[in-house]
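Dear colleague,

I am handing over the structure below, and I would be grateful if you could read the notes that follow with it open beside you.

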2 protein chains.
Amino acid sequence: MSNMDIVLGIDIGGTNTAFGFVDREGMIIAEAAMETNASDGVEEFVSRLHRHIEDLRLDLPPSHQLRGIGIGAPNANYYRGTVEKAVNLNWGKIVDFKGLIRRYYDLPVAITNDANIAAIGEMLFGNARGMKHFLVITVGTGLGSSIVVDGRVLYGYSGFAGEIGHSTVDPEGRPCRCGKKGCLETYVSATGLIKTALTLLTERQEPSPLKVMSRHEITAEKIHEWAKAGDILSLEAFDRTARILGMKLADAVAHTSPEAIFIVGGMAKSGDLLLKPTRRYMEDFLFTAYKGTVKLMLSGMKTGKSAILGAAALIWGELEHQKLY
Amino acid sequence: MSNMDIVLGIDIGGTNTAFGFVDREGMIIAEAAMETNASDGVEEFVSRLHRHIEDLRLDLPPSHQLRGIGIGAPNANYYRGTVEKAVNLNWGKIVDFKGLIRRYYDLPVAITNDANIAAIGEMLFGNARGMKHFLVITVGTGLGSSIVVDGRVLYGYSGFAGEIGHSTVDPEGRPCRCGKKGCLETYVSATGLIKTALTLLTERQEPSPLKVMSRHEITAEKIHEWAKAGDILSLEAFDRTARILGMKLADAVAHTSPEAIFIVGGMAKSGDLLLKPTRRYMEDFLFTAYKGTVKLMLSGMKTGKSAILGAAALIWGELEHQKLY
């Protein structure tokens, strides 16, 4: 019997780190998770991660052959293999994360950020199979994005291409955590939606269940629930969010002309509540040559598994590109 | 003696069509031009162009070997070989221009739009030699753009990627000839600069030589001259234009993270008057990860020759990629 080729996919988040062994067809053979402990130094983190991985490896069939390791991490630089200035991790300025992993594993290792991981996963195992040009927009606490051109993630000259979340909606607009003003993610994100709802509360006279909640009780999930129930202000908050997203997606299309745009992340759970108006506004803002050419879609990945699968897809792609297995 | 390999580069404009035979080093062996006669049908145009080309060919050394034809034309679709809805040519909706040329020449033919031609020329013979990721922005009557990713022009799914001129600056802004509102080219173009100057004339009290000119006398060249002479309103018109350009270039960087952005076309003649403030504003609007990574530059192509050389570079690139000579 021949060996079973597998890779390890690791998804590092601010709170949890999930990892799993994945075969070439996208089947997760074994998986586990641990707390990230953001206050740990990075060497401590990697040493702990290594122990957890080796524990999980004991469950694998003896015939398995580990071929490589793919990693998704915040602020990862694909070219340099580094994690740079990750705000929610106490790892210091620039960490050679690939180098640290290779202290334990003498295998091909690749690392990139969460949005790129989502795009690569979609391309190998999800709804972007067969597509050459597409975008993935992750809308959660912030807004991340990944651009695929000719079947490959676009990294650009800096290695950080695709930070559409920090393109400008309004140069005099909302302050952004990045230090600029009016960035897309200050409007289109869970936090942006809440801010928009709060603005509407001060502007509008209509009765709304939002008005009787204390401000810190208002979450994106609540606004979603009330919008579903027909609350005018909540629907309007989604509509304003969708208009800005639609306008900036039309801008993105004017750059790379994708076949599809995938909306993933926490706010993707709002489904048509966000997608339907966004699709309409985007179409309005599109330049003639692009009208009717772009699909706006949800992910085709199993919820909760997409990050491990995406990290695995990253290293499968590298191995095939470089014919390393 | 071996044959001299050359290609034909053709640049089709609304008024003039220029063409020339170009060798692999970017030397123009012979060149000529004819009137486009925009009111002609396309078959008539191609027949006339063919006669002019054959006339010019008589001047070539007998040892030459014509290897292919590269064409720059408004609204050309690289994938389909078509010219589609070119507003300043009476050619009908969708013209199979590549097919028409191949009625006369049984050679490889490639066609793309003016901005892409400028980018390909810059890459083979100009200031982008050795660069993998860069943008070319053509600022003249309108604003065109071309995006190079991994050493290749980005066409995207539709074949029309890179129409940044129709990204949105202000959704309630100036009406654009494309039917949308507030497109970048309504602000950053010769016509946009004039509109901005006229707006400033109504807003400001300062004396200005622009105030004594009749409105239809105000051209981009005049505003340039007066700005050079220190006129406050003219300088302010350039500054506002540069701010909007800088903001949208920062957005473009957030998409593809280029190493350099080249400003070409009529308004590039304003040089530092436009480039210096644009560079400053762009840097202000750039997301942290991109600050200091992008050069804003002028073309390295000989003025007046760049379109023929770019069209020649297009087909040289194809021939080498496909090993056709």
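In chain B, five strands form an open sheet in the order 11-10-9-12-13, with mixed pairing, where two strands are said to pair if DSSP finds at least two bridges between them. Strand 11 (152-153) and strand 13 (295-298) of chain B are its edge strands, each pairing on one side only; strands here are DSSP runs (E, at least two residues) and helices are runs of H or I of at least four residues, both numbered from the N terminus. Within this sheet, strand 9 (residues 134-139) and strand 10 of chain B are antiparallel and share six bridges, and Phe134(B) stands opposite Val148(B) in strand 10.

Please keep in mind that this is a predicted model, in which local features need pLDDT of at least 70 and side-chain atom pairs count only at pLDDT 80 or more, while totals for chains, interfaces and linings use all residues. Residues are numbered from 1 along each chain as its sequence is written, and chains are lettered from A and ligands numbered from 1 in the order in which they are written.

The loop between strand 10 and strand 11 of chain B holds Asp150(B), which has a positive phi of about 50° although it is not a glycine. Asp150(B) is partly exposed, with 13 other C-beta atoms within 10 Å; a residue counts as buried if 20 or more other C-beta atoms lie within 10 Å of its own, exposed if 12 or fewer, and partly exposed in between, with C-beta atoms placed from the backbone. In chain A, Asn75(A) also has a positive phi, near 55°, and is found in the loop between strand 4 (64-72) and strand 5 (76-77). Asn75(A) is partly exposed, with 19 other C-beta atoms within 10 Å.

Chain A has eight helices and 13 strands, and 50% of its 325 residues count as buried. Strand 2 (residues 16-23) and strand 3 (residues 28-35) of chain A run antiparallel and are joined by seven bridges, with Ala18(A) opposite Ala33(A). These two strands form a hairpin with four residues between them, and Gly26(A) in the turn has a positive phi of about 85°.

As for how the chains meet, 34 residues of chain B are in contact with 34 residues of chain A, contact meaning that the C-beta atoms, placed from the backbone, lie within 7 Å. On the side of chain B that touches chain A, the elements that give two or more residues are strand 10 (143-149) and helix 6 (232-256) of chain B, and helix 6 provides the largest share, seven residues.

Chain B can be laid on chain A with an RMSD of 0.0 Å by a turn of 180° and a shift of 0.0 Å along the axis, the superposition being by least squares on the C-alpha atoms of residues with pLDDT of at least 70 in both copies. The two copies are thus related as by a two-fold rotation axis. Of the residues of chain B, His255(B) comes closest to that axis, at 3.7 Å (C-alpha), and 100% of the contact residues of chain B recur in chain A.

Finally, leaving aside its neighbours within four places in sequence, Ile261(B) is in contact with residues including Phe134(B), Leu135(B) and Leu249(B).

With kind regards

Notes: Contact = placed C-beta atoms within 7 Å.
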